[in-house]
Amino acid sequence: MPEGTRPQMGQNLLFLTDEQLRKGIEAMFFAYRGFTADPDRILAQKSYGRAHHRALHFIHRSPGTTVNNLLSILGVTKQSLNRVLRSLIEDGLVISSVGQKDKRERHLHLTPAGATLERELSDAQRDRMRAAYRAAGPSAVVGFRQVLEAMMDPEARLHYEAMKDKPE
């Protein structure tokens with residue numbers, strides 16, 4: 001390229017107006033409301049909340065995960081997670097076992113009933129995402145995932161990268 005014709009760093013960055021960003025933020029709020037609506041109805045029948053759903057999801061995705069790892073993934077307090085885990089264990093959805101190598105660790109697994117509930121919750125969300133992806137088209141799927149990944153904090157990104165290629 002001749003001198004002076006090379007694009008300046010940052011010239012090719014996407015420029016969005018505050019109005020366009022506001023619309024994206026609002027779309028995300030309403031999409032999240034829709035994304036959680038179906039599982040919320042299922043959870044409400046069992047007097048559970050979204051924290052229970054997240055715990056079931058990530059225990060399913062990483063069977064045998066430790067309580068400390070789950071704390072790190074969810075970014076909640078130990079007290080909050082203990083309340084959630086206590087109810088899931090008492091209701092027979094999660095098993096907590098002592099670590100083989102480190103007796104201080106507690107490893108978490110879903111019971112068959114826990115796996116059934118997790119599948120019901122995830123199926124509802126997969127159905128909604130599948131319909132949205134079909135409506136938006138293949139290029140939107142890739143772009144949407146790229147936007148979500150770019151919004152992640154570095155610690156969340158590490159957890160996401162560690163499990164994104166794990167088979168279901």
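A salt bridge here is a side-chain nitrogen of Lys or Arg within 4 Å of a carboxyl oxygen of Asp or Glu, and by that rule the count comes to nine. This is a predicted model, where local features need pLDDT of at least 70, side-chain atom pairs count only at pLDDT 80 or more, and totals for chains, interfaces and linings use all residues. Residues are numbered from 1 along each chain as its sequence is written, and side-chain values use heavy atoms, with hydrogens and water left out.

**View A. Arg22 pairs with Glu19 in helix α1.** The closest N and O atoms of the two are 2.3 Å apart. About one helical turn separates them, because they sit three residues apart in helix α1, residues 18–45 (helices are DSSP runs of H or I, at least four residues, numbered from the N terminus). Glu26 joins Glu19 and Arg22 in a network of salt bridges.

**View B. Asp40 meets Arg50 in a salt bridge.** Their N-to-O distance is 2.5 Å. The pair links distant parts of the chain, ten residues apart: Asp40 in helix α1 and Arg50 in helix α2. Asp40 is partly exposed at 24% relative accessibility, and so is Arg50 at 32% (buried means under 20% relative accessible area, exposed over 50%, partly exposed in between, with a 1.4 Å probe and protein chains only).

**View C. Arg157 and Glu149 form a salt bridge.** Here N to O is 3.9 Å. Arg157 is partly exposed at 29%, whereas Glu149 is buried at 12%.

**View D. His53 sits buried in helix α2.** Its relative accessibility is 9%, and the helix spans residues 50–61. Leaving aside neighbours within four places in sequence, His53 touches Pro39, Leu43, Leu121 and Gln125 (contact means heavy atoms within 4.5 Å).

How values were computed. Helices (H or I, at least four residues) and strands (E, at least two) are DSSP runs, numbered from the N terminus.
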